Amino acid sequence: MGEVATCIGTAGLAALPFSKVTKLKTIFNALGGITRTVDMTYTNYKYHRALLNSVKNSLSKAIKDVVDKEKLASEANDLLKEIFGVTATVGACKPVIDDLFD
């Protein structure tokens, strides 16, 4: 799972402006780091996919679950959706996390 965190972190952060990177760093720290954030999001994502939600809907719900659980501001939800939803990230990470795209 560390490869997934690296993949998403690298690809997603490269596509974001510096001001958002700084805010994301604060969010990831509040959530216990990027690896823990990805692990929590992936666990919730798998749950929502098992309920037959679409990939996009499952990812959106998974992020909302993590943000709500940690009682973060709605800005955190928007920024996490942006980083996980960046097209470049999906393209770059697809080989690493192919099972997400089944």
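Analyst: In this predicted model, the residues of helix α3 that meet helix α4 are Met40, Thr41, Asn44, Tyr45, His48 and Arg49. On the side of α4, the residues taking part are Val55, Ser58, Leu59, Lys61, Ala62, Ile63, Asp65 and Val66. Sorted by class, this contact between α3 and α4 holds seven nonpolar, four polar and three charged residues.

The two helices are placed as follows. Helix α3 covers residues 34–50 and helix α4 covers residues 55–69; their axes come within 8 Å and cross at roughly 130 degrees. That angle makes α3 oblique to α4, because angles over 145 degrees would count as roughly antiparallel and those from 65 to 115 as roughly perpendicular. The crossing of α3 and α4 is right-handed.

One residue of this contact can be followed further. His48 lies in helix α3. Is His48 buried or exposed? His48 counts as buried, because its relative accessibility is 9% and the cut-off for buried is under 20%. Apart from neighbours within four places in sequence, His48 is in contact with Asn53, Ser58, Lys61, Ala62 and Asp65. Of these, Ser58, Lys61, Ala62 and Asp65 are also listed among the α4 residues that meet α3.

As for confidence, α3 has the highest mean pLDDT among the elements of the protein chain, at 91, while helix α6 (residues 87–93) has the lowest, at 53. The protein chain has a mean pLDDT of 76, with 66% of its residues reaching 70 or more.

Terms used:
Residues numbered from 1 in each chain as written. Predicted model: local features only at pLDDT ≥ 70, side-chain atom pairs only at ≥ 80, totals over all residues. Heavy atoms only, no water. Axes fitted to C-alpha atoms, helices over the stretch in contact; angles between N-to-C directions. Helix = DSSP H or I, 4+ residues; strand = E, 2+ residues; numbered from the N terminus. Parallel < 35°, antiparallel > 145°, perpendicular 65-115°, else oblique. Left-handed = near helix turned anticlockwise from the far one by under 90°. Contact = heavy atoms within 4.5 Å. Nonpolar A, V, L, I, M, F, W, Y, C, P; charged D, E, K, R; others polar. pLDDT = per-residue confidence, 0-100. Buried < 20%, exposed > 50% of the residue type's maximum accessible area, 1.4 Å probe, protein only.
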